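Hi,

Here is the structure I promised to pass on. Have a look at it first, and then read my notes below.

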Amino acid sequence: MITQTQTTSFKAELYQGIHDLLNDTIKIALYIANADLTAATTVYTTDQEVTGTGYTAGGNTLTGTTVQSSGSTAYVSFDNSAWSSASFTCRGALIYNASKANRSIAVLNFGSDKIVANQTFEIEFPANDATSAIIRSSN
């Protein structure tokens, strides 16, 4: 089961000062529907990770990271991420910190299988604001 969420370990690790989202290498890996990715996921895993043309284990490095705040909400945004000339099926993704022992950050569920056949697969992140950004914290 893939449950969209920030992982619980990530929330605790923020208070411990483990993650530096602006300077660490943040990656996104793709997974098939059978993956077990939930709030309890603590690290990147290759179990049920996508295999196929145009995809390399571990996924893509996310770029364009911004950390901002508005009112009582802090939020993080990334540039979109794409796999070119790809052929695979995926259902979700894991954002993780490759600089910090592959610790998990967030799980994404695409809502249905996404099938690509020799084309570009792109994850389009939502608007970079306090109500839409993919990673948000508020009181």
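What follows is a short tour of the sheet, the core, the pocket and a few single residues.

Some housekeeping: this is a predicted model, so local features need pLDDT of at least 70 and side-chain atom pairs count only at pLDDT 80 or more, while totals for chains, interfaces and linings use all residues. Residues are numbered from 1 along each chain as its sequence is written, and side-chain values use heavy atoms, with hydrogens and water left out.

Let's start with the sheet. Helices (H or I, at least four residues) and strands (E, at least two) are DSSP runs numbered from the N terminus, and two strands pair if DSSP finds at least two bridges between them. There is an open sheet of five strands in the order S1-S7-S6-S2-S3, with antiparallel pairing. Strands S1 (5-6) and S3 (60-61) are at the edges with a single partner strand each, so one side of each has no neighbour in the sheet. Further in, six bridges link S2 and S6 in the antiparallel sense, and Tyr-31 sits opposite Gly-92 in S6.

Now the core. By nonpolar core I mean a set of buried Ala, Val, Leu, Ile, Met, Phe, Trp, Tyr and Cys residues joined through side-chain atoms within 4.5 Å. Buried is under 20% relative accessible area, exposed is over 50%, and partly exposed is in between (1.4 Å probe, protein chains only). The largest such core has 34 residues, and Ile-28, Leu-30, Trp-83, Phe-88, Ile-95 and Phe-121 have the most contacts inside it. Strands S2 (26-31), S6 (81-97) and S7 (103-123) each give two or more residues to this core. As background, nonpolar side chains tend to be buried together in soluble globular proteins.

Leaving out residues up to four places away in sequence, Trp-83 touches Ile-28, Leu-30, Tyr-55, Phe-88 and Phe-121, among others. Leu-94, found in strand S6, counts as buried at 0% relative accessibility.

Next, the pocket. On a 1 Å grid over the protein atoms alone, a pocket is an open set of points where a 1.4 Å probe fits, with protein on both sides within 12 Å along at least five of seven lines; lining residues have an atom within 4 Å of a point. The largest pocket has a volume of about 160 Å³ (the space filled by probe spheres set on the points, which are joined across faces, edges and corners). Helix H1 (8-15), strand S5 (73-77) and strand S8 (135-138) each give two or more residues to its lining. Among the lining residues are Phe-10, Leu-14, Val-67, Val-76 and Arg-136. Val-67 also stands opposite Val-76 in S5, and five bridges join the antiparallel strands S4 (residues 66-70) and S5. In their hairpin, with two residues between the strands, Gly-71 takes a positive phi near 60°.

Most residues other than glycine have a negative phi. Gln-48, in the loop between S2 and S3, has a positive phi of about 70° and is partly exposed at 26%. Ser-85, in strand S6, has a positive phi of about 45° and is also partly exposed, at 45% relative accessibility.

Cheers

Key:
Contact = heavy atoms within 4.5 Å.
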